[in-house]
Amino acid sequence: MCKPSAGDLYVLDSVESGVYRMVGDGGDELTVDGLPHGSREGDVFRLTDGVFVPCPEETEQRRARIRGKMDSIFGKKKRPD
């Protein structure tokens, strides 16, 4: 579980040849050799004591904010019921 105030937040930017590129909220970049199984680009992690902890709530909040911005720019698409 992602603790709300411990550590720094990083987003999984890309994966290439088993190397994960992480970008911090402050713009710093790190590469790591492994993350939890099922991690995908755009997922948010908190770096605490050298360990990347998944933050699913933060990931969903950011994805929802991005969807909202895209909808306002490109128009909201109808989704099947």
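**Exercise 1. A salt bridge within the helix**

Solution. 
Step 1. The model examined here is a predicted one.
Step 2. The side chains of these two residues, Arg 62 and Glu 58, form a salt bridge with an N to O distance of 2.7 Å. In general, side chains of opposite charge can pair when their charged atoms come close.
Step 3. The cut-offs for burial are needed next: a residue is buried under 20% relative accessible area, exposed over 50%, and partly exposed in between.

**Exercise 2. The overall arrangement**

Task: State how many helices and strands the protein chain has, and give their pattern along the sequence.

Solution. 
Step 1. The protein chain contains 1 helix and 5 strands.
Step 2. Along the sequence these elements follow the pattern β-β-β-β-β-α.
Step 3. The chain has 81 residues, of which 23% are buried.
Step 4. The accessible surface of the chain is about 6,100 Å², and carbon and sulfur atoms account for 52% of this area.
Step 5. Of the contacts between residues at least 6 apart in sequence, 39% join residues at least 24 apart.

**Exercise 3. The sheet and its hairpins**

Task: Give the order of the strands in the sheet, name the edge strands, and describe how neighbouring strands pair.

Solution. 
Step 1. The 5 strands form an open sheet in the order E3-E2-E1-E4-E5, with antiparallel pairing.
Step 2. Strand E3 (29-32) and strand E5 (51-54) are the edge strands, since each of them pairs on one side only.
Step 3. On average, neighbouring strands of this sheet are turned by 40° against each other, direction ignored.
Step 4. Strand E1 (residues 8-16) and strand E4 (residues 44-48) run antiparallel and are joined by 4 bridges. Leu 9 stands opposite Arg 46 in E4.
Step 5. Strand E2 (residues 19-24) is joined to E3 by 4 bridges, again in the antiparallel sense. Val 23 faces Glu 29 in E3 as its opposite residue. The hairpin of E2 and E3 has 4 residues between the strands, and Gly 27 takes a positive phi near 95° there.
Step 6. E4 and E5 are antiparallel and pair over 4 bridges. Leu 47 has Phe 52 in E5 as its bridge partner. This hairpin of E4 and E5 has 2 residues between the strands, and Asp 49 in the turn has a positive phi of about 55°.

**Exercise 4. A network of salt bridges**

Task: State how many salt bridges the structure holds, and which residues are linked with Arg 21 in a network.

Solution. 
Step 1. There are 6 salt bridges in the structure.
Step 2. Arg 21 is linked with Asp 13 and Glu 29 in a network of salt bridges.

**Exercise 5. The surface and a loop**

Task: Name the residues of the nonpolar surface patch, and identify the residues that Gly 18 touches.

Solution. 
Step 1. The patch is formed by Ile 66, Met 70, Ile 73 and Phe 74, with about 470 Å² of accessible area together.
Step 2. Phe 74 is located in helix H1 (residues 56-74). Its relative accessible area is 65%, so Phe 74 is exposed.
Step 3. Gly 18 is placed in the loop between E1 and E2. With a relative accessible area of 40%, Gly 18 is partly exposed.
Step 4. Leaving aside residues up to four places away in sequence, Gly 18 touches Val 32 and Asp 33. Gly 18 and Asp 33 are 15 residues apart in sequence, while their C-alpha atoms are 6.5 Å apart in space.

Notes
Residues numbered from 1 in each chain as written. Predicted model: local features only at pLDDT ≥ 70, side-chain atom pairs only at ≥ 80, totals over all residues. Heavy atoms only, no water. Buried < 20%, exposed > 50% of the residue type's maximum accessible area, 1.4 Å probe, protein only. Contact = heavy atoms within 4.5 Å. Areas by Shrake-Rupley, 256 points an atom, 1.4 Å probe, with all protein chains shown as cover. Pairing = 2+ DSSP bridges. Axes fitted to C-alpha atoms, helices over the stretch in contact; angles between N-to-C directions. Patch = residues over 30% accessible without salt bridge, like charges linked within 9 Å, V, L, I, M, F, W, Y side chains within 5 Å. Salt bridge = Lys/Arg side-chain N within 4 Å of Asp/Glu carboxyl O.
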